[in-house]
Amino acid sequence: MSAQTIPLHLLKAQLELQLHLSRLLQESGQQWLEHAARNGPERIAETGNEIEGVQQTSSWQELATLPAQAFWRHAHLRMGHAQALAQTAMASQITLAQGVQQAVHDWQQQVAATLGNSTQGAADTAVPWSDLLARWTSAVQSVAQPAHAAQQPIAAAAAETARDATAQG
């Protein structure tokens, strides 16, 4: 692997990580949608039955006792629903966390393999960065100094780049 292909391999690893994380989030969202679709009609039916019960009452005494009865029935029913939702949420979050851990682990292995397989090691990637930083530094200095003084750092950077190129070649 050469210095020119290392950035490509690192970008590929980064894109694969993003794709894996996006897939995990979509799967988690899909699980929640399925849970809502599965339990939503049941809740609507329960509410409809309660409304029908209120409409079918024929006396004030029955109507007066409905709120107390409905409260306890709802309390027991909702407690079961809350427990089921909490269990679903825990399972979903555990699955998502494990998936994220695996995705990051795979990404770390890809990056380590990419950097470990370079033919000349770290020096292979350090030269382009040092060249880039030297040019960037000289460009910043030229903006900060008056126009006549800006020629000196640019010339010095060009001479340094030429020296580096001949030393490597």
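**Confidence, fold and selected residues of a predicted chain**

The mean pLDDT of the protein chain is 76, with 68% of its residues at 70 or more; pLDDT is the predictor's confidence in each residue, on a scale from 0 to 100. The structure is a predicted model, in which local features need pLDDT of at least 70 and side-chain atom pairs count only at pLDDT 80 or more, while totals for chains, interfaces and linings use all residues. Residues are numbered from 1 along each chain as its sequence is written, and side-chain values use heavy atoms, with hydrogens and water left out. Confidence in the protein chain is highest in helix 1, at a mean of 85, and lowest in helix 3 (residues 122-144), at a mean of 61.

The protein chain contains 4 helices and 0 strands, where helices (H or I, at least four residues) and strands (E, at least two) are DSSP runs numbered from the N terminus. In sequence order the pattern is α-α-α-α. Of contacts between residues at least 6 apart in sequence, 79% join residues at least 24 apart; a contact means heavy atoms within 4.5 Å.

The protein chain has 169 residues, of which 16% are buried. Buried denotes a relative accessible area under 20%, exposed one over 50%, and partly exposed a value in between (1.4 Å probe, protein chains only).

Individual positions were then examined. Ala 3 is located in the segment before helix 1 (6-55). With a relative accessible area of 18%, Ala 3 is classed as buried. The C-alpha atoms of Ala 3 and Leu 115 are 9.7 Å apart in space, although 112 residues separate the pair in sequence.

His 35 belongs to helix 1 and is buried, at a relative accessible area of 10%. When residues up to four places away in sequence are not counted, His 35 touches Leu 85 and Thr 88.

Val 100 is part of helix 2 (residues 60-116). Its relative accessible area is 31%, so Val 100 is partly exposed. Leaving aside neighbours within four places in sequence, Val 100 is in contact with Leu 21 and Leu 24. For Val 100 and Leu 24, the C-alpha to C-alpha distance is 7.5 Å, and the two residues are 76 residues apart in sequence.
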